[in-house]
Number of protein chains: 4
Amino acid sequence: MSNIDSNLRACYINCTLKKSPNPSHTEGLMRLSLDILDRLSIYNEYFRLVDYNIPAGVYPDMTEHGYQTDGFSKIKRSILDADILVIGSPIWLGEKSSECVKLIERLYGLSGMTNAQGQYLYYGKVGGCIITGNEDGAKHVAMSTLYALQHIGYTIPPQADAAWLGEVGPGPSYLDEESEAQDNDFTNRNITFMTYNLLHMAGLLKSNNGIPNIGNNAKSWNNGERWAFRKMK
Amino acid sequence: MSNIDSNLRACYINCTLKKSPNPSHTEGLMRLSLDILDRLSIYNEYFRLVDYNIPAGVYPDMTEHGYQTDGFSKIKRSILDADILVIGSPIWLGEKSSECVKLIERLYGLSGMTNAQGQYLYYGKVGGCIITGNEDGAKHVAMSTLYALQHIGYTIPPQADAAWLGEVGPGPSYLDEESEAQDNDFTNRNITFMTYNLLHMAGLLKSNNGIPNIGNNAKSWNNGERWAFRKMK
Amino acid sequence: MSNIDSNLRACYINCTLKKSPNPSHTEGLMRLSLDILDRLSIYNEYFRLVDYNIPAGVYPDMTEHGYQTDGFSKIKRSILDADILVIGSPIWLGEKSSECVKLIERLYGLSGMTNAQGQYLYYGKVGGCIITGNEDGAKHVAMSTLYALQHIGYTIPPQADAAWLGEVGPGPSYLDEESEAQDNDFTNRNITFMTYNLLHMAGLLKSNNGIPNIGNNAKSWNNGERWAFRKMK
Amino acid sequence: MSNIDSNLRACYINCTLKKSPNPSHTEGLMRLSLDILDRLSIYNEYFRLVDYNIPAGVYPDMTEHGYQTDGFSKIKRSILDADILVIGSPIWLGEKSSECVKLIERLYGLSGMTNAQGQYLYYGKVGGCIITGNEDGAKHVAMSTLYALQHIGYTIPPQADAAWLGEVGPGPSYLDEESEAQDNDFTNRNITFMTYNLLHMAGLLKSNNGIPNIGNNAKSWNNGERWAFRKMK
């Protein structure tokens with residue numbers, strides 16, 4: 001495992017609708033990935049978003065926008081300190097949870113900030129997602145979640161999503177024994193590939209000091225720098 | 001520009017529904033990115049998919065599945081030789097074009113193949129997309145296109161999509177002079193950032209010999225290797 | 001206007017992230033439709049979801065699932081009394097708001113209930129949606145919102161969505177004077193068509209006592225009734 | 001069954017990528033719905049789109065746009081004669097097939113035409129969809145397909161989609177015996193509900209001469225009629 005940079009940090013956020021201590025099927029699947037990190041001695045933090053009192057909104061601090069408290073500050077710190085962000089979501093009616101959408105809105109609320117080089121804040125970080133449902137919707141949830149992450153500056157390595165779904169219709173969920181989900185070879189493989197690819201890509205970016213600061217710096221663009229771009233004649 | 005690896009190769013595929021020599025608005029926007037490559041002396045190839053006679057299907061060679069000819073072979077060669085793939089699509093009814101979906105199906109048809117290391121074929125390559133429409137749908141098209149690319153092995157750098165859209169409702173398209181689209185600072189900036197980030201990420205992966213061959217190799221997984229993954233107890 | 005049933009009731013729910021009294025662009029557009037109802041003397045109720053203290057969840061009453069209060073009860077009453085439901089949402093990162101997703105989750109939480117005939121609760125009602133954003137995503141939001149509504153039992157009449165979007169990139173929003181959005185003929189026409197088609201379809205269903213109770217009753221199905229369905233041989 | 005109008009006509013279009021006579025899993029599921037129609041003596045036509053030589057495009061007749069032949073004319077006739085349109089699609093990479101997107105583009109290509117009342121051509125017709133895949137994507141495909149149909153004028157009754165999917169990962173498809181898909185109670189129920197709701201709604205609209213011609217007529221709007229709509233002050 002010598003290729004893995006042991007100084008990487010990861011932040012995993014579970015967007016289940018269920019408050020602790022209710023068991024979360026999504027957490028069950030996320031634990032497989034977190035366990036890989038533990039075995040590789042990669043520092044990681046895990047949050048269940050619904051346990052924090054987090055207002056919806058697109059501003060960095062919602063206490064400045066009519067809310068008494070904003071539980072996002074601790075999670076924000078973890079996200080910004082981490083090289084890797086993994087978002088977990090259940091599926092309701094074929095879509096990611098409202099908690100997951102709220103998280104993306106809050107991430108977006110920070111996206112105007114820049115890193116030391118003047119690039120968007122999330123440049124140099126990598127993102128992935130983990131999805132559980134009992135029948136349908138994993139790719140749909142993943143495409144929307146990963147899109148949001150790359151849009152605000154994350155790099156998405158190959159096969160950066162993993163999921164478990166049962167056969168169409170009502171049925172057991174991930175942690176229910178009768179689902180036999182823990183024996184699903186496809187899900188186990190994808191969790192593994194996702195976790196390693198996030199580590200590989202985060203290590204590659206970290207050792208390179210992120211993404212080179214040419215052709216992607218909003219401050220420079222606003223100051224008139226165009227690099228090799230020319231307007232259509 | 002010393003950071004850009006001048007040995008990179010790029011393949012751009014325009015999924016307009018219009019055959020040559022009809023003007024394509026999507027090509028108009030793609031040319032801005034191709035012009036950056038030219039100025040940086042990056043080798044690039046450009047295809048208009050609808051000009052080739054390409055059957056729908058999910059097999060590498062559709063002549064083995066009831067079709068007399070399959071125009072995909074030349075494009076396939078270019079895709080596999082390239083470090084960068086950029087898919088261009090117009091928007092119809094809020095969705096990517098049927099040509100774009102056909103291209104993704106054909107890319108998927110090759111996804112069972114592996115590279116020299118035994119990883120999926122597209123590992124080590126990077127992908128992006130360019131979208132034009134006259135009113136709505138760019139993010140929706142991009143999320144689905146970029147998802148497909150990462151799913152089959154491409155890496156998606158930050159801000160890997162660029163688009164032009166007019167105000168809601170019927171109106172001029174990208175190349176129509178009255179759209180003044182070529183002066184849209186947001187579109188021009190995003191085309192630039194996308195192009196540079198694709199180059200940066202492709203260079204980074206190339207100099208690293210792709211993505212490390214640990215934890216993401218289907219052949220090894222099938223042979224029982226699990227790396228640091230352990231099943232749930 | 002003799003064709004419009006003046007006994008119809010409508011419920012409009014605005015899923016903006018902004019609490020009252022902050023102006024909501026989405027409300028601005030919704031008001032055009034509500035004004036048509038007022039002129040036709042159709043009873044209507046309007047809610048801004050974020051002003052109520054509504055927990056996320058998929059149960060009818062979240063006070064039975066660990067929450068002290070659940071502000072959904074008043075809105076639920078209005079939804080169930082109404083023949084027409086219109087959901088309004090802003091767009092963030094190309095998606096409907098987290099408040100909109102939360103609303104759909106709560107609607108879904110009631111979907112196990114049945115009407116007097118034993119059909120799903122929302123049978124016989126009609127649904128539409130109104131979307132505002134400053135650049136992109138209206139069709140994507142509408143397809144997901146309207147899908148959820150038909151999935152739980154609503155009928156979707158033709159052209160049941162209306163939206164305003166500006167040109168791609170940052171720019172003025174719907175109520176901002178410089179957007180000149182109130183003069184957008186396409187948006188005004190779509191708001192009108194949507195509103196009338198919701199009224200026509202709701203009237204048609206009401207005068208017909210909803211959707212005939214044959215071939216769509218879960219209770220009968222569970223009791224073994226199959227109507228003209230036969231399993232594959 | 002006295003409520004079902006036996007003069008209704010239905011058109012079912014299978015958008016599989018496989019040419020006849022290859023077996024189509026999607027056809028397998030569509031046959032369950034067609035069999036209900038047969039038992040109720042409802043006239044129906046069935047097409048496998050890929051068997052016709054149909055160019056991509058958004059014009060009514062593609063022979064006027066550079067193509068030698070356009071196999072869409074016969075299918076077009078059936079669509080326009082029918083009260084009910086059901087689109088069947090397989091799922092590839094979580095999305096509807098390229099044939100399905102091509103069909104929607106061609107339907108859209110006719111959407112500028114109007115019926116005898118001056119409303120859009122598809123007003124008064126109803127639409128549904130049937131989806132098969134081996135693991136994921138049915139709701140995503142349905143939401144996009146049903147959205148397109150309502151956008152061009154179709155009415156969508158409740159629960160107008162039905163699907164079969166297996167557990168996540170590679171596995172048997174609908175017609176494969178080991179899938180035991182034909183015994184999936186959820187799929188069988190949804191096929192039944194969908195079919196009956198399409199018949200109920202089509203009958204309701206037919207007996208009402210379609211959707212009342214008030215507030216939804218583009219010609220009248222263009223001539224300055226605004227009904228009860230007023231611009232924002």
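**Close-up views of a predicted two-chain model**

View 1. The model shown here is predicted.

**View 2. The side of chain A that touches chain B.** Chain A brings 48 residues to the contact, and chain B brings 48 residues. Three helices of chain A, α1 (25–39), α4 (138–152) and α5 (185–207), each supply at least two residues of the side that touches chain B. The most is given by α5(A), with ten residues. Sorted by class, this side of chain A holds 26 nonpolar, 16 polar and six charged residues.

**View 3. The crossing of helices α1 and α5 in chain B.** Two packed helices are described by the angle between their axes and the distance between the axes. In chain B, the axes of α1 (residues 25–39) and α5 (residues 185–207) come within 10 Å and cross at roughly 45°. The helices α1(B) and α5(B) are therefore oblique to each other. The crossing in which α1(B) passes α5(B) is right-handed.

**View 4. Residues where α1(B) meets α5(B).** From α1(B) come Leu29(B), Leu32(B), Ser33(B), Ile36(B) and Leu37(B), which meet Ile191(B), Thr192(B), Met194(B) and Thr195(B) of α5(B). By class, this contact comprises six nonpolar and three polar residues, with no charged residues.

Note on methods: Residues are numbered from 1 along each chain as its sequence is written. Chains are lettered from A and ligands numbered from 1 in the order in which they are written. This is a predicted model: local features need pLDDT of at least 70, side-chain atom pairs count only at pLDDT 80 or more; totals for chains, interfaces and linings use all residues. Two residues are in contact if their C-beta atoms, placed from the backbone, lie within 7 Å. Helices (H or I, at least four residues) and strands (E, at least two) are DSSP runs, numbered from the N terminus. Ala, Val, Leu, Ile, Met, Phe, Trp, Tyr, Cys and Pro count as nonpolar, Asp, Glu, Lys and Arg as charged, and the others, Gly among them, as polar. Axes are lines fitted to C-alpha atoms, for helices over the stretch in contact, and angles run from 0 to 180 degrees between N-to-C directions. Angles under 35 degrees count as roughly parallel, over 145 as roughly antiparallel, 65 to 115 as roughly perpendicular and the rest as oblique. A crossing is left-handed if the near helix is turned anticlockwise from the far one by less than a right angle, and right-handed if clockwise.
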